Amino acid sequence: MKILAIETSCDETAVSLIETDGTNFSVLGDSLFSQVEMHKEYGGVYPNVAKREHARNLTPLLLKTLKEANLFNESEENQLSKELVDELKETLSREPELFIHLVSFLSKTEKPEIDVIAVTSGPGLEPALWVGINFSKALSRVWELPLVPVNHMEGHIISSLLTQQNEKSYDISYDLFPSIALLISGGHTELVLVGSIGDHVVIGETRDDAVGEAFDKVARMMDLGYPGGPEISKLAESAREENLEQKYQLPRPMIHGENFDFSFSGLKTAVLYLLKEIGKPTDEDKKIIAREFEDAATEVLISKTRKAVEEHGAQSVIVGGGVSANKNIRKEFDKLEDIKIYIPDTKLSTDNAIMIAAAAYFKLKSGAALPDPDEIVADGNLALYPLN
Ligand code: KG4
Ligand code: ZN
């Protein structure tokens, strides 16, 4: 089965074409445009810029992906009737620039040999999600292909189960259920009891900031670049390498709590107070703070995950989301020897469309009814659900 997947939930525009038999996922084409540079000046993702950039980049990325997959065939005849163009105009009424690009592309492109289209429908930034959804609706209409809405967090879970075979091929392994998934990204920090692929119950989540958000905000407080996670991580690593004295202590919020919830806003505020107390932090101070902050966040994440594993008799741990790229967090999870840890390749830990294609495959395999494409909506807070 060949799946074309579109991801626009945040600040990466991604288009992938995957062929799968259910055990191997072969990447026929994959294009990703990161908007990070554009959001830097705002110190975070600016929704209207994200929306504009997705609209600008989706059509060229689709063309690139189809070409890479050898599935692009230019057509001699115009492929679009006037009725279709009118329909597309309505579907893309909020993305006029995308409408123009897409009509010009679709009118001279033969329908590619693919079976299904997948698109992220949430959670994420709604204006950004809508661009991908409307684009996919248009493709699904013109090429008469089914459209599968995918939960972005489900994508992150599946991403962790993929093991890279070579540059363009991943196998999936998933026999150790129930599993506890720790999903850590810029918008989420949650612990999920995974009964099997597609069967989720959220057992704990952050009450305030997501852990990635805390990394980003702490980085901003210390005038580091955006996104802050990798910057903090670099400084923390230097502090460890240089064996700097850990002269500042930060709290480990809720580490001994009864439940599986998290809170990172207090940790962030503690950094703010510490910086005020220091006055003008030196580069060395920043390294020490980055390390202490990273240690605090890592300890809380590991401790809560362990507790969830014990309480739910989990057979494995799945770590997913952008923050799972963090070296220290990966190292500490690797140390848990008594349990299998699924953690994504760093390439698949941040947002991508390969994971959306894989999640769509399992959704189709489960026999879940597909909604009419017209009924698919962006849901910024889309939750993970148990199977009925
Ligand atoms: O999953 P993701 O790409 O997008 C969302 O769905 O949010 O996650 C992005 C988050 C950002 O907050 C970023 O700072 C964080 O992941 N991140 C990291 C690292 N790489 C990315 N955080 C800590 N250490 C890293 N190496
Ligand atoms: Zn994500």
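α3 passes α4 in a right-handed crossing. The model in which this crossing is seen is a predicted one. Two packed helices are described by the angle between their axes and the distance between the axes. For helix α3 (residues 82–91) and helix α4 (residues 96–107), the angle is about 150 degrees and the axes lie 10 Å apart. Because angles over 145 degrees count as roughly antiparallel, α3 is roughly antiparallel to α4. On the α3 side the contact is formed by V85, L88 and K89, and on the α4 side by F99, V103 and L106. Classified by type, the residues of this contact comprise five nonpolar, no polar and one charged.

Helix α4 also packs against helix α2 (residues 47–68), here at an angle of about 25 degrees and with the axes 7 Å apart. Since angles under 35 degrees count as roughly parallel, α2 is roughly parallel to α4. The crossing of α2 with α4 is right-handed. From α2, the residues A55, R56, L58, T59, L62, L63 and L66 take part in the contact, and they meet E97, L98, H101, L102 and F105 of α4. Eight residues of the contact of α2 with α4 are nonpolar, two are polar and two are charged.

Attention now turns to empty space. Rolling a probe the size of a water molecule over the atoms shows where empty space is left. The largest pocket holds about 1,200 Å³ of space. It is lined by 47 residues, of which C10, S185, G186, G187 and D216 are the closest to its centre. At least two lining residues come from each of α6 (152–161), β10 (199–205), α7 (211–221) and α8 (228–241). The largest contribution to this lining is that of α7, with six residues. By class, 16 residues of the lining are nonpolar, 19 are polar and twelve are charged.

In the loop between α2 and α3 lies N70, whose phi is positive, at about 60 degrees, although N70 is not a glycine.

Conventions. Residues are numbered from 1 along each chain as its sequence is written. Chains are lettered from A and ligands numbered from 1 in the order in which they are written. This is a predicted model: local features need pLDDT of at least 70, side-chain atom pairs count only at pLDDT 80 or more; totals for chains, interfaces and linings use all residues. Side-chain values use heavy atoms; hydrogens and water are left out. Axes are lines fitted to C-alpha atoms, for helices over the stretch in contact, and angles run from 0 to 180 degrees between N-to-C directions. Helices (H or I, at least four residues) and strands (E, at least two) are DSSP runs, numbered from the N terminus. Angles under 35 degrees count as roughly parallel, over 145 as roughly antiparallel, 65 to 115 as roughly perpendicular and the rest as oblique. A crossing is left-handed if the near helix is turned anticlockwise from the far one by less than a right angle, and right-handed if clockwise. Contact means heavy atoms within 4.5 Å. Ala, Val, Leu, Ile, Met, Phe, Trp, Tyr, Cys and Pro count as nonpolar, Asp, Glu, Lys and Arg as charged, and the others, Gly among them, as polar. On a 1 Å grid over the protein atoms alone, a cavity is a set of points where a 1.4 Å probe fits but cannot get out, and a pocket is an open set with protein on both sides within 12 Å along at least five of seven lines; lining residues have an atom within 4 Å of a point. Grid points are joined across faces, edges and corners, and a volume is the space filled by probe spheres set on the points.
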